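Let's take a look at one helix and the sheet beside it. Get the viewer open and follow along.

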Amino acid sequence: MGVYIFTPEDLVRYGSATEEQLKVLKEALLAKKNVLIVGSSRSGKTKLVEALLHYVPDDWKVAVITAYGEFKPFKPNLAIIDTQFEGQPLENRTADVIAKIKKINPDYVVIDTLHTVDVAKILLELMGHYAFIVTSLALADDIKSEVGHWLRIGGETFDRFDVVVELKRDWRTGTKGINKIYKVKNGELKPLP
């Protein structure tokens with residue numbers, strides 16, 4: 001049995017996103033904006049990334065940094081960089097990932113909620129050279145401080161994201177989806193209509 005990869009149409013069909021929200025995100029991706037996707041555990045961060053990658057043109061290269069084979073390559077232009085806690089020090093694993101990203105020279109880099117590398121170092125070194133889609137836990141309403149905690153990034157790095165997508169999960173019904181989309185402007189999150 002294979003793994004089902006969600007499409008943008010699936011997100012609309014299941015009520016996880018509206019067509020208007022996906023239009024905003026598609027425009028951001030095609031403009032190579034830095035996108036941050038936040039939410040609680042099991043809120044649909046990886047599924048949203050999968051769906052959004054359907055918008056990436058086939059001639060763009062995408063480096064996906066994941067851990068323990070969590071992300072499946074479903075398009076030929078996705079280069080998976082799998083990381084693990086394999087006895088190698090964090091700084092060595094991180095340097096190895098940075099070198100692999102540079103070798104791929106992608107149009108986009110996806111970092112999907114992982115703690116096997118120093119995400120802050122990757123962002124500090126490579127943001128500005130490549131566009132990023134990054135997922136992060138956010139368990140409280142203060143998104144900026146939650147992302148700072150989970151990704152260990154400062155405000156200056158956070159402010160380099162152009163768009164932040166906040167996901168919510170209703171634990172009673174199991175429904176999950178986009179709660180709000182924000183534009184990052186002057187260090188503040190401004191809700192998009």
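Here is a quick briefing on helix 4 and its surroundings.

This is a predicted model, where local features need pLDDT of at least 70, side-chain atom pairs count only at pLDDT 80 or more, and totals for chains, interfaces and linings use all residues. Residues are numbered from 1 along each chain as its sequence is written, and side-chain values use heavy atoms, with hydrogens and water left out. Helices (H or I, at least four residues) and strands (E, at least two) are DSSP runs, numbered from the N terminus.

**Helix 4**
- Helix 4 covers residues 90-104.
- Arg93, Thr94, Val97, Ile98 and Ile101 of helix 4 are buried (under 20% relative accessible area, with a 1.4 Å probe and protein chains only).
- They sit on the same side of helix 4 because they cover an arc of only 135 degrees around the axis, judged by the directions from the helix axis to the C-beta atoms.
- Glu91 and Lys103 are exposed, on the face turned away from the buried side of helix 4; exposed means over 50%.

- Eight strands form an open sheet with mixed pairing, in the order 3-2-4-5-1-6-7-8; two strands pair if DSSP finds at least two bridges between them.
- Its edge strands, strand 3 and strand 8 (188-191), each pair on one side only.
- Strand 4 and strand 5 (residues 131-137) run parallel and are joined by four bridges.
- Valine 109 has phenylalanine 132 in strand 5 as its bridge partner.

Definitions and conventions: Expected span 1.5 Å × (residues − 1).
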